[in-house]
Amino acid sequence: MPTLETTFAGIPCINPFWLASAPPTNCGEQVMRAFDEGWGGAVWKTIGEPITNVSSRYSSIDWNGQRMMGLNNIELISDRPIEVNLREIAEVKRRYPKHVVIASLMVESKRHAWHEIVQRAEDAGADGLELNFGCPHGMSERGMGSAVGQVPEYCGQITEWVKEKARTPVIIKLTPNISDIRMPARAAKQAGADALSAINTINSITSIDLDTLEPRPNVDGKSSHGGYCGPAVKPIALNMVQQVMSDPQAALPMSGIGGIGSWQDAAEFILLGAGTVQVCTAVMHYGYRIVEDMADGLLAWMRKKGYESPDDFRGLSLPRVTDWKYLNLNYKIVARIHADKCIGCELCYTACWDGAHQCIHLDRALPEPNTSRTPDMVAAESRSRISTTPIAKLDLNGAGETGPYLTPLSRIPRVDEHECVGCNLCSLVCPVPNCITMERVDEGLVPETWEERVSAGAVTQGSRHSNPNL
Amino acid sequence: MSESTNFYEQAPDAPEIAASFPDLHPPFNKTAALTEANRCLYCFDAPCTAACPTHIDVPRFIKKIASENLEGSARTILDANILGASCARACPVDVLCEGACVMHRYNAQPIAIARLQRFAMDALHESGAPLPFSPGTDTGKSVALIGGGPASLACAAELRRRGIGADIFDARPLPGGLNTYGIAEYKLPLAESLREIDMLSQLGVHFHFNVTVDAKKLAELEASHDAVFLGLGLGAIHKLGIAGEELTGVTNALDYIADYKSGKITSAPERVAIIGAGNTAIDAANAAARLGASEVHMVYRRGPEQMSAFAYEYEHAKQEGVKFLWHTKPVGIGGTDKVEVLHLVKLESSSDGSLVPKSGEDFQLPVDLVILAIGQATHSEFLLENKARLERGRVLIDRATGQTSNPKYFAGGDCTNGGREVVDAVADGKRAGIGIAAWLEGQHANA
């Protein structure tokens, strides 16, 4: 039987599912209910000198009828007194000794202030410390949060101060609002950090009310840039986690954050090197109960793949992310449309013509292939063909057409494989699973990369504008 | 003569009818409409658009609902089908747009196109916004349209958008023909048909009611107008030609439906028999059941496989409690002052395929009301003698333009196709409107 137990920077974890430092970890009562539902750990809502919040605080992006594809917030750190938070941490740890409680901390950038808060958090029983160098709104205007995380030197300095005092593992939470996330990660590692977490939220303006012209979330007619999170940010988070984890000067135990809401999301972060994953938006949307399927689904997948613990597959996909110049230029795939699955929506056709390489054609019912008919011509022919009323008792497969497939042959697109560049677009827009597959075509060529072509002198290398920071 | 009147307010007030005939397909609320609109795949060269006789750009109007551009959605519908509101309710969408939806082959749940269309049209009506089209610049030409049903209305709208005058002549006191008087109230309430015509009338259509056009009148109209459009529809329902047909308590489906829709009938007697098994017969049978009849029988000389009603209409009738007497033919209607009994005989196929009475299988069905629904006669012959060519009573037209053998005469709807859907009539009228405009332009150019 596989297990979800793991160890993160020396902290034993009953599973890799942690709640991120956010509203779901605002108080002890919440955290204990979350642990009852199955969460393995919680990063406490950032503790610091209490702040005053505004109302309202959140806004979101809906997509095609689905709510909260992306969420934005302008809430600050905990608005509760430090001693109340610490007392509740102690209480939670007393009742849930096997669960992980990480104290997220943010104080002004002074050595004694950090020493003091570290001491108090550890005295309360926190298993580890997460330094919030990522909060992109409000706190950054006061020289904290991402104002620290965006400057590697500050990041390193405060990490050093904290490490002078800390007895528990120190996790640095990174901001994505920076051009190269490896820079602060390297600084943190150099300063002795034990682990990293990434990403914090992304600067954003979610939307504007088209009646009032006021941006959201609306605070008395105005808004401020907020932190973007939720399913929409996952690809950005995965990229940044990979960037850090593939960099030997930056890589440390990583707690992955960003748009995680399912076991698949969690598996992907772990495959790119994350030791634990942190969740916020999905819990804000659906509640703590989502962890049940995250655990259940991940275990089922592990059983199927033969993994005994998350350690068995952690980072396995990292070597498969590389620079473009190392990709095989002689690898060739083409789209194949499986006519028996095609429903005739022709989305692949319009996508290929307008958004790709004009190599999908609607000519299967014609006497011979015709690659010169444009979508406009197809639509015009269609309109002219139906100038009279269709028959009342239509069969359900279209205007009385028959053919070997459920969909009339005239509506099943054909890929011109000689012209197909293997871009994937048609298979991405196709609503039917496995209807369009991308198939390898063996052209008998040995693998060759751009780098190899340059080395062999086959192509001229342009001037090297590499990142001076690296 | 009236122009752009408020027909909606002239709808008879019949609360009993409204109570007995609630919407068969209740309207979407906004959330449901948006959810459904988002399900649409937005097919290229969409089969639903091809299946619609008026070729409404279905994916386009649905995506406009999803983006909450309801005004644009309604305009997209009306641009292709000026009677988009009634078609959204009256169309047999299972065999048209929704029947062609690719989702049948995806998750077997076609997009609810009709209900989405109704949502967009209802929103337009509720907004109080005017028709999103204006009449064209006046050309000085005018067309006489005979019959005020869907074909003529659609034709008139196309003509007005091109600056051609439209005079509609109808025998009834209100416009709309079968759209107003002939569609089951739970699909399309009479008042809704009128509301839609009010909107269409904003284009400046001239209505002439209670006018029966005979050969003499037709000659007058031909002389006074630049073209004539025939949207005559069909004539009376056929008679059975059996004894007792003249008794009180024997009626026909069209009169029955028109009478209950206009509130003249608000209840049905105990026992009702409908002769026939087409869609109109089913409308009449369901109506009798809803008006309070406890026993409704449909009598048909063939079996369920041969009935001309759509399968879903048959299912609906069964749900309403209608019973079916298959392979049965009426041979007489009995009663002293009024109808009391229907004399029936079972039929079987003979060796040559014709239906013959089974010997000894005649029986009686006690009834209080007999409704005939065995198809409509055409009534174009006498009117059009020497005017335009007919074939089996139908006016022959060029499908693309609606032009008859007489170039000044155009036609569309039931009088040309033998009796089909409202949307077919609208499509005919639309093509004829465009055809007339093109023809008039050609005349002008050649003059």
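Ser56(A) sits in the loop between strand E4 (41-43) and strand E5 (58-63) of chain A, where strands are DSSP runs of E with at least two residues, helices are runs of H or I with at least four, and both are numbered from the N terminus. A cis peptide bond links Ser55(A) to Ser56(A), with omega at about 5 degrees. Keep in mind that this is a predicted model: local features need pLDDT of at least 70, side-chain atom pairs count only at pLDDT 80 or more, and totals for chains, interfaces and linings use all residues. Residues are numbered from 1 along each chain as its sequence is written, while chains are lettered from A and ligands numbered from 1 in the order in which they are written.

**Another cis bond in chain A**
- The peptide bond from Ala198(A) to Ile199(A) is cis too, and its omega is near 10 degrees.
- Look for Ile199(A) in the loop between E10 and strand E11 (202-204) of chain A.

**Positive phi without glycine**
- Asp220(A) is not a glycine, yet its phi is positive, about 55 degrees.
- You'll find Asp220(A) in the loop between strand E13 (215-216) and strand E14 (226-229) of chain A.
- Asp220(A) is exposed, with 9 other C-beta atoms within 10 Å; the cut-offs are 12 or fewer for exposed, 20 or more for buried, and partly exposed in between, with C-beta atoms placed from the backbone.
- Over in chain B, Glu68(B) is not a glycine either and has a positive phi of about 60 degrees.
- Glu68(B) belongs to the loop between helix H4 (58-66) and helix H5 (70-80) of chain B, and it is partly exposed, with 14 other C-beta atoms within 10 Å.

**Helix H7 of chain A**
- H7 (residues 234-245) has twelve residues and spans 16 Å from its first C-alpha to its last, close to the 16 Å expected at 1.5 Å a residue (that is, 1.5 Å times one less than the number of residues).
- Its buried residues include Leu238(A), Val241(A) and Met245(A).
- The buried residues of H7(A) pack against helix H6 (182-190), strand E10 (195-198), strand E15 (254-257), helix H8 (263-271) and strand E16 (274-279) of chain A.

**Domains of chain B**
- Chain B is assigned domain 1 (2-127), domain 2 (142-171 + 211-235 + 387-446) and domain 3 (250-372), with bounds from an automatic or database domain assignment.
- Taken over C-alpha atoms, the centres of domain 1 and domain 2 of chain B are 27 Å apart.
- Eleven residues of domain 1 of chain B contact eleven of domain 2 of chain B, a contact being two C-beta atoms, placed from the backbone, within 7 Å.
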